[in-house]
Amino acid sequence: MTKVEISNHNGGMNLESKLQSFQAAEKKLLLNTYERNPILFASGSGVYLRDEQGHDYLDLLSGIGVSALGYAHPAVEAAIATQSRRLLHTSNLFYHEHTAGLALRLTEISGLDRVFLCNSGTEAWEAALKLARAHAGLLRAEGHIVGTRFLALEHSFHGRTIGSVATTHKEKYREPFAPVMPGVDFVRFNDVADLRAKFSSEICGVCIEPIQGEGGIRPVSPEFFATARELCDSTGALLLADEIQSGMGRTGEWFAYQHYGILPDVTTVAKPIANGLPMGAMLCTDAAARAITPGMHGTTFGGGPLACAVAIAVIDTIRQTGLLAHIRDVGGYFRRRLEDLRQRHDCIVEVRGMGLMLGVELGGPDSAELATQAAAAMLAERILINRTDENVLRFLPPYLLERAHVDLAIAALDGSLTRLTATLAGAAPAGERSHGQ
């Protein structure tokens with residue numbers, strides 16, 4: 001496919017050959033970082049995506065937790081249309097009208113004091129790590145004994161940049177880029193004794209996802225979270241809460257740490273904050289913020305007028321339409337339906353998560369293969385989910401999800417698991433039938 005063909009792909013090309021042409025072009029032109037599914041999406045509305053052939057897909061992944069208000073939401077469209085006609089970019093050397101308004105909203109909903117706006121989750125986490133190091137340096141200058149090391153958790157995932165990946169547990173993310181940033185030790189997940197044993201005055205920050213996303217939808221225990229807060233308070237180290245996947249309302253509270261009644265020193269948000277426009281933010285206390293002065297950190301595109309305008313629209317819509325209560329209601333219903341499935345399927349080990357951040361862990365010797373095939377079977381039913389942590393089915397739907405959508409998904413997953421477990425066991429599935437369209 002030539003460059004001219006790519007830019008003029010509608011000229012007489014049938015739908016199948018269009019997808020194939022794009023696949024061939026991407027294979028030649030793009031860095032080999034993704035294993036894409038063979039679907040070419042063209043539009044979306046509400047909780048559905050539509051492919052080039054006009055088929056609708058129930059989206060229970062929302063772009064990996066991004067499209068909080070779904071697709072073609074009027075508030076998002078209005079914010080984009082209005083702001084794009086006025087101003088797309090001005091450097092952070094000047095002011096624009098939306099920065100303070102967004103920062104005010106973020107501090108109100110988080111309980112924190114200061115905001116740094118950036119472009120992505122990994123950039124927000126880099127800012128958090130740099131802040132922890134800078135804050136420790138300030139404390140040392142004031143006579144305190146605080147080191148430069150970090151504690152992170154087993155199963156953690158904090159991003160792709162060299163600092164973020166250093167605090168990410170899985171070797172497959174770190175090993176190809178070794179040596180990564182030094183000074184990181186990993187604590188066994190929810191092991192309070194291990195946390196106490198590894199914490200010392202050498203630690204400048206404890207890194208916690210209140211609910212691990214890539215790590216398999218694993219909530220930290222209240223005792224573990226409280227112990228981390230206690231230990232950080234004892235030395236002046238910062239408690240860093242990564243809410244890139246769990247924040248901005250996904251769990252039924254603005255931030256997952258609010259379920260625990262624990263306020264971190266720093267939190268990071270990104271994925272749903274601007275409903276698909278690239279944006280992230282690091283929030284912190286005034287005490288932590290005093291370590292940063294002009295010139296120490298920055299961003300070219302972060303906090304631009306368009307992204308800020310859309311993020312304001314997202315927060316205001318969640319507030320004005322009572323979406324947090326809706327998330328708690330539909331998320332609770334979704335979890336109960338998944339628990340019902342667990343009673344019917346021995347392959348389901350556990351259902352985890354809060355609100356509309358849910359995971360189903362599959363067990364058995366073929367659990368990874370079963371999870372892979374289950375996600376593929378759901379895709380064949382035109383329902384989008386994915387597999388994470390090898391054997392966990394992950395559900396991160398738009399906040400607009402209704403109970404009727406949950407029922408469709410449960411029926412499809414029930415049928416898929418019945419067929420797949422029978423096949424993997426070497427038996428023909430009884431009463432095989434297709435669910436959905």
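Which helices and strands each supply at least two residues of the lining of the second largest pocket? They are helix H5 (99-110), S4, H6 and S12. The model discussed here is predicted.

## The second largest pocket

The volume of the second largest pocket is about 920 Å³. Its lining counts 27 residues. Closest to the centre are Asn 92, Thr 99, Val 115, Phe 116 and Leu 117.

Strand S4 gives the largest share of this lining, with four residues. By class, 16 of the lining residues are nonpolar, 10 are polar and one is charged.

## The seven-stranded sheet

S4 also belongs to an open sheet of seven strands. The order is S4-S12-S11-S10-S7-S5-S6, and the pairing is mixed. S4 (114-118) forms one edge and S6 (184-187) the other, each pairing on one side only. From one strand to the next, the twist averages 20°.

What is the direction of S4 relative to strand S12 (residues 280-284)? The two run antiparallel, joined by five bridges. Val 115 has Leu 283 in S12 as its bridge partner. Val 115 is also among the residues closest to the centre of the second largest pocket.

## Helix H6 across the sheet

Helix H6 spans residues 121-141.

Strand S2 (residues 48-51) and strand S3 (residues 56-59) run antiparallel. Three bridges join them. Leu 49 has Tyr 57 in S3 as its bridge partner. The two strands form a hairpin with four residues between them. In this hairpin, Gly 54 takes a positive phi near 90°.

Which strand runs parallel to S3? Strand S15 (residues 383-384) does, and two bridges join it to S3. Here Asp 59 stands opposite Leu 384 in S15. S3 therefore has bridges to S2 and to S15, and a pairing of two strands takes at least two bridges between them.

Notes. Residues are numbered from 1 along each chain as its sequence is written. This is a predicted model: local features need pLDDT of at least 70, side-chain atom pairs count only at pLDDT 80 or more; totals for chains, interfaces and linings use all residues. Side-chain values use heavy atoms; hydrogens and water are left out. Axes are lines fitted to C-alpha atoms, for helices over the stretch in contact, and angles run from 0 to 180 degrees between N-to-C directions. Contact means heavy atoms within 4.5 Å. On a 1 Å grid over the protein atoms alone, a cavity is a set of points where a 1.4 Å probe fits but cannot get out, and a pocket is an open set with protein on both sides within 12 Å along at least five of seven lines; lining residues have an atom within 4 Å of a point. Grid points are joined across faces, edges and corners, and a volume is the space filled by probe spheres set on the points. Ala, Val, Leu, Ile, Met, Phe, Trp, Tyr, Cys and Pro count as nonpolar, Asp, Glu, Lys and Arg as charged, and the others, Gly among them, as polar.
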